[in-house]
Amino acid sequence: MYDLVHEIVGLLDSLNISKAVLVSKDFGAFPGYLTAAVHPERVAAIISLGIPFMLPGPSALESHVLLPKGFYITRWREPGRAEADFGRFPVKSVIRNIYTLFSRSEIPIAPDDQEIMDLFDPSTPLPPWFSEEDLATYASSYEKSGFRYALQVPYRSLNVETGSSDVKVTVPALLIMGEKDYVINFPGMEDNIRSGAVKNFVPNLEIIYIPEGSHFVHEQIPEKVNQFIIEFLDKQSI
């Protein structure tokens, strides 16, 4: 995970960008916040969608032990398990299943005799904001790349220590959180955000809740998300 910090800085260097606003989604928040912490001189602000600041390493997995062993992250961290699960279906079906399952507010947890893909009900339609054309585009990309890297980073590298334990993000930050995002139901997650405890690590954090927002809030209601991002940037002296 920490290697991605070097890649972000390297990308900025290659484009001759001295300072940038980073926008991250889901697990992208890990390298995004780390980059802002380690290289504040290169980051004007950090925006994250769906996941607040968390430090990669064993602490990121602490709440997972409070969930059943069929929890999707626990399953997908096991080498070969997700590959075998996904491999039973065409790539397009895997993408359809993931977008349908993960747009709900319930945490994906499989019983002992099932895999995560078995949770999908074939009679369930795609979310109204995700078209068949979108599905075909995503499927085409994964048919070329496969799922190996998407499983390795972040699922199978979450427990890798960063070498830093006292990390603080001092740049302006924005967290956009859908209240129907299943992530908010992880043990301790909602309390960490709503109590303001997360601001112990990100003191200049602004938090916006979207009542109807799902895990894919940026695709579900992009106009609203873009509006919040622009309003946040307008307040910064960039």
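Helices (H or I, at least four residues) and strands (E, at least two) are DSSP runs, numbered from the N terminus. This is a predicted model, where local features need pLDDT of at least 70, side-chain atom pairs count only at pLDDT 80 or more, and totals for chains, interfaces and linings use all residues. Residues are numbered from 1 along each chain as its sequence is written, and side-chain values use heavy atoms, leaving out hydrogens and water.

**Exercise 1.** Find which side chains of β1 are buried.

Solution. Start with the cut-off: buried means under 20% relative accessible area, exposed over 50%, partly exposed in between (1.4 Å probe, protein chains only). Next, walk along β1: Ala20, Leu22 and Ser24 point to one face and are buried.

**Exercise 2.** Work out how β1 pairs with β2 (residues 43-49).

Solution. Two strands pair if DSSP finds at least two bridges between them. Here β1 and β2 have 6 bridges, in the parallel sense. For one of them, look at Val21, whose bridge partner in β2 is Ala45.

**Exercise 3.** List the buried residues of α5 (residues 91-101), then look for their cover.

Solution. First, the list: Val94, Ile95, Asn97, Ile98, Tyr99, Thr100 and Leu101. Then the cover, which includes α3 (72-77), α4 (81-86), α6 (132-145) and α9 (217-220).

**Exercise 4.** Decide why Pro79 counts as exposed.

Solution. Locate Pro79 in the loop between α3 and α4. Pro79 counts as exposed because its relative accessibility is 71%.

Conventions
Contact means heavy atoms within 4.5 Å.
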